[in-house]
Amino acid sequence: VATQSTWGTRRQHRRRSVTESRPMWKVFILFVVHVVALGETKVHVEFYGEAKCPPCKRFISNAMIPTMQAEGVAAIMDFDYYPWGNEYWATKQCGGAPYSSSKRVCWDQLCGKGALNRPDNCFNGTKVCQHGPTECYGNTLEGCAVRYYPAYTQYMPFVKCFEVDNDCSPNAVSQCASPLGMDSSQLAKCASGPEGKDVDYYNAINTPPHPGTPTVIINGKMLSDTDSLLQAVCAAYTGSKPAGCQ
């Protein structure tokens, strides 16, 4: 199991991976986007979701992607996606399958983000997913996409294609990854191997206790109406508003 020190912070990993994997002209574009927002603090958006979740699919299609595509808004926003949601590992203290929300809440409090004195069996049991094995696979695969392609403007279109448009079918990985410059075999290998377990661990310990999915947090405050993401990001930004906020 990986530790947080193994992964480092997601932003550190993002900077390292982007410069190593992208052609220089793409790196230059990312630099320009960064400069646009220089001098003003970007709005930090955290999305806690899970594969096969109908409300998450609606959020991705109706709020997240339109916000990302609104003119200039991507330049004022930092975005982190944690595809773990209501998943948990079976433990003696909280129970395992079949899935129940009470077991999930118990696991969140015992083992999730902010938990103190986690027992040794937090991450050793069988994974239990609200929507079954397809969700478990989808969460890991999406986590691998974030791991290898940490620019959200790249991995969120993949998530939409894989999860929303193709209902997390393993057969759709290649058709969703290739147009975005992603290596589908790399993602599949990550999701099915030991690295996938590290990905799950990372997302699990960074998912706080939450009422359900999707949970969206903007600058540390939970967004009550996830459909209003664009308006909330624009309202939270203190600099000159981009055209997409008008």
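Axes are lines fitted to C-alpha atoms, for helices over the stretch in contact, and angles run from 0 to 180 degrees between N-to-C directions. Helices (H or I, at least four residues) and strands (E, at least two) are DSSP runs, numbered from the N terminus. The structure is a predicted model, in which local features need pLDDT of at least 70 and side-chain atom pairs count only at pLDDT 80 or more, while totals for chains, interfaces and linings use all residues. Residues are numbered from 1 along each chain as its sequence is written, and side-chain values use heavy atoms, with hydrogens and water left out.

The axes of helix H6 (residues 133-148) and helix H10 (residues 194-205) come within 9 Å and cross at roughly 90 degrees. H6 and H10 are therefore roughly perpendicular to each other (angles of 65 to 115 degrees). In contact (heavy atoms within 4.5 Å), Thr140, Gly143, Cys144, Arg147 and Tyr148 of H6 meet Glu195, Gly196, Val199, Asp200 and Asn203 of H10.

Turning to the sheet, four strands form an open arrangement in the order E2-E1-E5-E6, with mixed pairing (two strands pair if DSSP finds at least two bridges between them). Strand E2 (77-83) and strand E6 (221-222) are the edge strands, each pairing on one side only. Strand E1 (residues 43-49) pairs with E2 in the parallel sense over seven bridges; histidine 44 has aspartate 78 in E2 as its bridge partner. Helix H7 (residues 152-165) packs on the sheet and touches E1 and E2, its direction making about 40 degrees with that of E2.

Methods: Parallel < 35°, antiparallel > 145°, perpendicular 65-115°, else oblique.
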